[in-house]
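Student: I have a model open and want to go through it with you. Can we start with the surface?

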Amino acid sequence: MKTILYIGSNLTEKSNYHSSYYVLSALLEREGFKVVRSSSKKNKILRLFDMMVSTLFQKYDVVLIDTFSSQNFYYALIASQIARFRNKPYLPILRGGNLPQRIDKNPKWAQSIFSHSMINVAPSGYLEYEFGARDFATVFIPNILNVEKFKYKQREQIKPKLLWVRAFAHFYNPNMAIHALHKLKNEYPNAELCMVGPKKDNSWEEANALVNALGLEESVKFTGVMKREDWTKLSEDYDIFISTTTIDNTPVSVMEAVALGLPVLSTNVGGVPYLVSDEYEALLVDSGDVDAMVKAVKRLLTSPELVIRLTTNAKHKIDQFDWSVVRHQWLKILGGI
């Protein structure tokens, strides 16, 4: 039995959110691998220390390293160098939508991580392209979605009931959704918005203040963090999924929305157009363009044919992200160690 050390933020028990880290590690265990997880420490300094100790002293055959573009980039930097010191193969899994900017800003650090890896795994065509353009050996393996766990609902006649699912952080721009609702209500006074997600910074307070300032208290619902099974059940009461992010890679929430049959309306940033094509699988608008988002919502509300075409095409693509398909790519890489 091969042992995998998986370096990443293993915070599912604390957040009630089944992250890509949680999903992949559980599925690899089902395939017969022993997976050592590091780390579940909530404090970032303690988490880093735990990762260092695990990488330095644990027995393992290969290291998987979730690699982000924020402060968590340093977890990947340190873990990869310890793996190199121990002469152990490692695979960075490229999670951060802003990673191209990070590696251009820190080219020496990028070389030390990505040039010495066994291979770099990109969950999006976007990062596969960006890393390939910088001569880093990269393979595309999409994020995993257990499609059968999602109840697909074909929406033919839809109402102005909007669903937003993301952490409240400034780079996800939650206020754009609120401004879009405010403008939409000029023509659709019964329009509603439900916002699902945990607090990451003061954008939660800012969003609540904006709702109050615009008099939308009866039209916007904040649920806080929800378990996946709970928000997917909630989604049955909504008809349009909106994403307002300013940077992204392969947003799992968009994948899940597609699996639920929701038409997707998103900002056209990072890896989003690689995940869903504009006018074919979703409607995409420029980041921060509230008027364009409102116009796109109105198109969906007045064109059942458009809704059916977008959701059907998107579902065909998302089916290819199921573990029954993706597992072969992971087993091919890990089986060669």
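**Surface, fold and charge pairs**

Tutor: Start at phenylalanine 85, which is exposed because its relative accessibility is 68% (buried is under 20% relative accessible area, exposed over 50%, partly exposed in between, with a 1.4 Å probe and protein chains only). This is a predicted model, where local features need pLDDT of at least 70 and side-chain atom pairs count only at pLDDT 80 or more, while totals for chains, interfaces and linings use all residues. Residues are numbered from 1 along each chain as its sequence is written, and side-chain values use heavy atoms, with hydrogens and water left out.

Student: OK. Where is phenylalanine 85 found?

Tutor: Phenylalanine 85 sits in helix H4 (residues 73-85). Helices (H or I, at least four residues) and strands (E, at least two) are DSSP runs numbered from the N terminus.

Student: And which residues make the nonpolar surface patch?

Tutor: Phe49, Val53, Leu56, Phe57 and Phe85 make a nonpolar patch of about 570 Å². Helix H3 (residues 44-57) gives the largest share of that patch, four residues. Patch members have over 30% relative accessible area and no salt bridge; nonpolar side chains (Val, Leu, Ile, Met, Phe, Trp, Tyr) are joined within 5 Å, like charges within 9 Å.

Student: Zooming out, how many helices and strands does the chain have?

Tutor: The protein chain has 15 helices and twelve strands. Its radius of gyration is 20 Å, close to the 20 Å from the globule rule for 337 residues, so the chain is as compact as a globular protein of that length. That radius is taken over C-alpha atoms, and the rule is 2.2 Å times the number of residues to the power 0.38. Along the principal axes, the C-alpha atoms fill a box of roughly 65 × 40 × 35 Å.

Student: What share of the residues is buried?

Tutor: Of the 337 residues, 53% count as buried. The chain exposes about 15100 Å², and carbon and sulfur atoms supply 51% of that area. Areas come from the Shrake-Rupley method with a 1.4 Å probe; for residues, only the protein chains shown count as cover. For contacts with a separation of 6 or more, 74% are between residues 24 or more positions apart, a contact being heavy atoms within 4.5 Å.

Student: Switching to charges: how many salt bridges does the count come to?

Tutor: The count comes to 14 salt bridges, each a side-chain nitrogen of Lys or Arg within 4 Å of a carboxyl oxygen of Asp or Glu. One of them joins arginine 155 and aspartate 239, with the closest N and O atoms 3.4 Å apart. Arginine 155 is in the loop between strand E6 (138-140) and strand E7 (161-165), and aspartate 239 is in the loop between helix H10 (228-234) and strand E10 (240-243), 84 residues apart.

Student: Are arginine 155 and aspartate 239 buried or exposed?

Tutor: Both arginine 155 and aspartate 239 are buried.

Student: What does lysine 183 form a salt bridge with?

Tutor: Lysine 183 pairs with aspartate 291, the closest N and O atoms being 2.6 Å apart. Lysine 183 lies in helix H8 (residues 174-184) and aspartate 291 in helix H13 (residues 290-302), so the bridge ties together parts 108 residues apart in sequence. Lysine 183 is partly exposed at 37% relative accessible area, and aspartate 291 is partly exposed at 48%.

Student: Which side chain meets lysine 298?

Tutor: Glutamate 187 does, in a salt bridge of 2.9 Å, N to O. Lysine 298 is in helix H13, while glutamate 187 is in the loop between H8 and strand E8 (192-196), 111 residues away. Elsewhere, Asp104, Glu130 and Arg134 are linked in a network of salt bridges.

Student: Backbone next. Which peptide bond is cis?

Tutor: The bond from serine 38 to serine 39 is cis, with omega near 20°. Serine 39 is in the loop between strand E2 (34-38) and H3. Asparagine 173, not a glycine, has a positive phi of about 50° and is in the loop between E7 and H8.

Student: Last one: what covers the buried residues of H14?

Tutor: The cover includes helix H11 (252-259), H12, E12 and H13. Among the buried residues of H14 are Leu306, Leu310 and Ile318.
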